[in-house]
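Hi everyone, thanks for coming.

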Amino acid sequence: MPTPNEILTELKKIKYPGFTRDIVSFGMIKDIEVAHHGVKIILNPPAAKPELIVQIVDNIKQAVTAMGGVPAVEVTVEKAPPPRAAAGLQRRSIPGVKTIVAVASGKGGVGKSTVAVNLALAISSLGRRVGLMDADVYGPSVAMMLGADQEIRVTAEKRIVPLDRFGIRYVSMALFINEDTAVIWRGPMVTKLESEFLFNVEWGELDCLVLDLPPGTGDAQLTITQRAALDGGVIVTTPQELALVDVRRGMAMFSEVNVPVLGVIENMSYYECGKCGHRHDIFNHGGGAKLADELGVPFLGEIPIFRELREGGDRAAPLASTNPDHPASIRFRQIATQVLAQIEHRN
Ligand SMILES: Nc1ncnc2c1ncn2[C@@H]1O[C@H](COP(=O)(O)OP(=O)(O)OP(=O)(O)O)[C@@H](O)[C@H]1O
Ligand SMILES: [Mg+2]
């Protein structure tokens, strides 16, 4: 009969379905007992779809049986605690921060940071105290979009003091890491840094913290969504068909960790000509609404392509704050209202 350690080594080869991380590093194996009648494994899965758990149990049974000399394998699945109650285990809330909303996208370049920045400002314009965290080591866009009027400070306790810009507090990992060092940081190191960073910020009292997640739905994003006690996720997409496939992945990621998807935003939806007012559907817009409907999540709205939105981002003059009457700013306020309504309804 194999020893518990040998079994653990085998279990490390089993990947969590859809991810490159294994079930052991996910902290799912609570106990392994080896007795004369067989092996008993206690599984403590994160809140996940039942069919995923069934698959993991099957994989475990197969792997242990294949080791040979094991008369029987029993896998007991512990009931996953509700997300908030899991705080001590993996999820942590941030003192003083009432709600956390993550902005995700299946792939890069869809305007996630533009949405995160303007959404944060729009929530702030509705009278809430707002923080924004750029959790992407490789994409310094939030810092560029909001600008920095001073060096970032660190307290005597080595906690990071966020910058105050346009009435919100923000921190970007990019303010700490230059491009040369970022490239040598790979995989697990970046993931750990990204998921711990937000707990080391002196946020103060916030009604809402918006997280601009790194683009994609892989291990790094999953770890952050697992670590922080998120209240909801917002998914940004563009109308191209390919991006919509990515939205499904984003939804799967949030459902994996039992975080409700507050809705989908279709960005760069169409182009409205400033001269003639004609609307040009560059990428066959409307897919976001259709997809949201199919998947049963709210559609939060469309943001057309506006030159002013990009220019505001490039000049550290974010539109939602510098031009609140612009059609894009009005749309961001409508989206912010829905996001707040959903969070407040859920709480
Ligand atoms: N609705 C829009 N209208 C015009 N320009 C936009 C719009 N949304 C985003 N952009 C521009 O598209 C570019 C990419 O946007 P952004 O940096 O927000 O994307 P991202 O998804 O965060 O990208 P990354 O994957 O690099 O983090 C930026 O130049 C931004 O100003
Ligand atoms: Mg970005």
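On α2, the face turned away from the buried side carries Pro50, Glu51, Val54, Gln62 and Ala66, which are exposed (over 50% relative accessible area with a 1.4 Å probe, protein chains only; buried is under 20%, partly exposed in between). Before I go on, this is a predicted model, where local features need pLDDT of at least 70, side-chain atom pairs count only at pLDDT 80 or more, and totals for chains, interfaces and linings use all residues. Residues are numbered from 1 along each chain as its sequence is written, chains are lettered from A and ligands numbered from 1 in the order written, and side-chain values use heavy atoms, without hydrogens and water.

Which residues of α2 are buried? They are Leu52, Ile53, Ile56, Val57, Ile60, Ala63 and Val64. These cover an arc of only 135° around the axis, so they sit on the same side of α2, taking the arc from the directions from helix axis to C-beta atoms.

Helices here are DSSP runs of H or I, at least four residues, and strands are runs of E, at least two, numbered from the N terminus. Just after α2, Gly68 has a positive phi of about 85°.

Now, the cavity. Its lining consists of Thr114, Val117, Asn118, Met145, Leu309, Gly313, Pro318 and Leu319, each with an atom within 4 Å of a point on a 1 Å grid over the protein atoms alone, where a 1.4 Å probe fits but cannot get out. Two or more lining residues come from each of α3 (112–125) and α10 (307–314), and α3 gives the largest share, 3 residues.

Notes
1 Å grid on protein atoms, 1.4 Å probe; cavity = no way out; pocket = protein on both sides within 12 Å on 5 of 7 lines; lining within 4 Å.
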